[in-house]
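Here's a quick briefing on how two chains come together. Take a look at the structure, then we'll walk through it by topic.

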Protein chains: 2
Amino acid sequence: MRRSVFFISDRTGITSEMLGHSLLSQFEDVEFHRMTMPFVDSVEKADQVALEIRKHAVIDGCRPIVFSTICNPELRARIHVADAQIIDFLEMFIGPLEDELGVKSSHTVGKTHSITNYDEYKNRIDAVNFAINHDDGLLPRDLAEADLILVGVSRCGKTPTCLYMALQFGLKAANYPLTPDDFGNHTLPKLLLPYRSKLFGLTIDPERLAQIRAERKPDSKYCSLESCQFEVAESEALLRHVGVPYLNTTRMSIEELATTIMHRAGLSRRTY
Amino acid sequence: MRRSVFFISDRTGITSEMLGHSLLSQFEDVEFHRMTMPFVDSVEKADQVALEIRKHAVIDGCRPIVFSTICNPELRARIHVADAQIIDFLEMFIGPLEDELGVKSSHTVGKTHSITNYDEYKNRIDAVNFAINHDDGLLPRDLAEADLILVGVSRCGKTPTCLYMALQFGLKAANYPLTPDDFGNHTLPKLLLPYRSKLFGLTIDPERLAQIRAERKPDSKYCSLESCQFEVAESEALLRHVGVPYLNTTRMSIEELATTIMHRAGLSRRTY
């Protein structure tokens with residue numbers, strides 16, 4: 001059986017989607033048909049959404065599930081006329097929070113993902129630029145500014161992890177590739193020595209690495225299993241030898257990598 | 001009055017933080033002291049969290065607020081012994097969803113941000129690589145693969161928006177800078193002509209642009225208000241002339257830009 005699922009919001013829809021996705025991931029055997037309806041900020045749009053919900057109820061032969069983060073009670077009421085299982089996040093929790101805090105909520109349109117603090121926002125953009133300007137060992141002049149420097153062999157997952165930390169947490173993360181030139185003398189590349197405390201290593205299973213590299217440069221020495229095994233073994237030995245902590249990225253998502261590294265390195269997010 | 005807030009999770013803490021942040025943003029006048037405790041996956045860690053909560057209750061002289069996405073009922077119970085306003089997302093919504101769907105949830109540890117589908121995950125990494133390889137007009141060989149091409153003057157916000165769309169939605173977004181060479185003849189750069197339907201423009205207030213550019217290259221012609229006014233006026237005139245839709249980024253967050261563009265361009269996310 002297929003269930004239609006709506007993520008509805010008066011702004012971006014990101015919170016609504018994340019809440020819904022997090023709950024739906026607990027139901028593995030149901031096939032969900034997901035639709036996001038952001039920027040529902042007028043009576044006309046709310047009525048349009050209610051109509052869509054009713055349409056899908058008829059098509060599926062059962063009530064759709066609706067995740068909503070709409071603030072305006074009038075718009076909310078227009079959507080609630082549709083027969084659906086409505087999971088209304090603000091309606092459920094704002095009341096108890098108002099009671100606990102002893103103040104009324106501002107009931108303003110979703111501000112979760114708007115610019116509420118310009119300095120914080122600028123930090124975040126600066127962090128993204130920092131990640132791009134310090135990707136793959138590039139231009140490492142102001143490495144002293146880095147919150148973190150990821151090291152590991154080429155294609156082990158450094159770049160997406162750095163970008164994620166910059167975009168989501170406002171952290172300045174540089175990355176530096178370990179190449180065969182760096183192996184053998186059991187010491188870190190000279191450039192990294194002053195920043196030892198900022199280093200965190202990434203490693204990966206050689207088989208997966210070979211597969212990823214083959215997509216980039218098929219039939220190369222770079223992607224041969226032999227090279228990958230050698231580079232991974234040497235980089236892990238080096239990181240162990242110099243006492244830099246490391247994580248295996250093979251079965252971890254970018255979110256898991258980023259949060260695990262932050263947790264272990266004692267870093268906190270700079271932006272919400 | 002200061003309130004301590006805890007975001008607790010058995011995995012990354014990202015869902016707990018986002019949902020909590022979204023609720024707290026409705027209370028502008030309260031000062032919150034936010035702490036994230038990810039990877040709470042054992043009785044020992046749960047007891048440690050409960051202890052921290054109690055400590056902060058004493059320090060603040062009032063109950064902390066706790067946002068939790070912990071699945072395991074035993075761990076949940078260990079945390080619930082602390083006197084706090086506990087907002088437990090799964091506890092609140094899983095029951096109604098089980099009733100509606102007529103199946104039991106898997107009650108497994110948070111999988112929202114783990115790799116559940118390797119193909120989907122690979123798409124996402126490919127999209128990040130695509131964004132980096134097609135940043136700032138770089139290497140535009142396989143532009144045909146792009147879901148979207150952002151155009152606009154240098155420093156108007158193209159790069160962070162492309163990276164966000166890649167990381168969060170798995171979309172392949174390229175970007176191409178409009179420079180003074182592109183103005184005057186009222187036609188798009190030749191390279192972009194075959195991809196007209198994929199184009200979306202970004203613009204920005206000249207004053208803000210001058211400020212951003214001044215941080216990068218102070219006292220340059222590049223950052224002069226005059227140049228910025230000229231480039232912005234010309235790029236907007238060009239986009240209007242050729243009928244490419246555009247957004248002003250000045251007061252929009254990356255999330256708002258990304259979701260607004262997707263909404264207007266009729267694009268859906270490729271990954272959750």
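Which kind of contact do the side chains of A:Arg269 and B:Glu17 meet in? They meet in a salt bridge, with 2.4 Å from N to O. Keep in mind that this is a predicted model, so let's see what else it shows about the pair.

**How the copies are arranged**

- Two copies of a chain are always linked by a rotation about an axis plus a shift along it.

**Where they touch**

- Chain A brings 83 residues to the contact, and chain B brings 83 residues too.
- Of the interface residues of chain A, 100% are also interface residues in chain B, so the copies meet through the same surface.
- About 7,700 Å² of area is buried between chain A and chain B, and carbon and sulfur atoms give 64% of that.

**What sits at the contact**

- Across the interface of chain A and chain B there are 12 salt bridges, and the one between A:Arg269 and B:Glu17 joins side chains from the two chains.
- Polar contacts link 20 residue pairs between chain A and chain B, counting pairs with both residues at pLDDT 80 or more.
- On the side of chain A that touches chain B, 37 residues are nonpolar, 25 are polar and 21 are charged.

How values were computed
Residues numbered from 1 in each chain as written. Chains lettered and ligands numbered in written order. Predicted model: local features only at pLDDT ≥ 70, side-chain atom pairs only at ≥ 80, totals over all residues. Heavy atoms only, no water. Contact = heavy atoms within 4.5 Å. Buried area = accessible area lost by both parts, 1.4 Å probe. Salt bridge = Lys/Arg side-chain N within 4 Å of Asp/Glu carboxyl O. Polar contact = N/O pair within 3.5 Å; in protein donor to acceptor, adjacent residues only side chain to side chain. Nonpolar A, V, L, I, M, F, W, Y, C, P; charged D, E, K, R; others polar.
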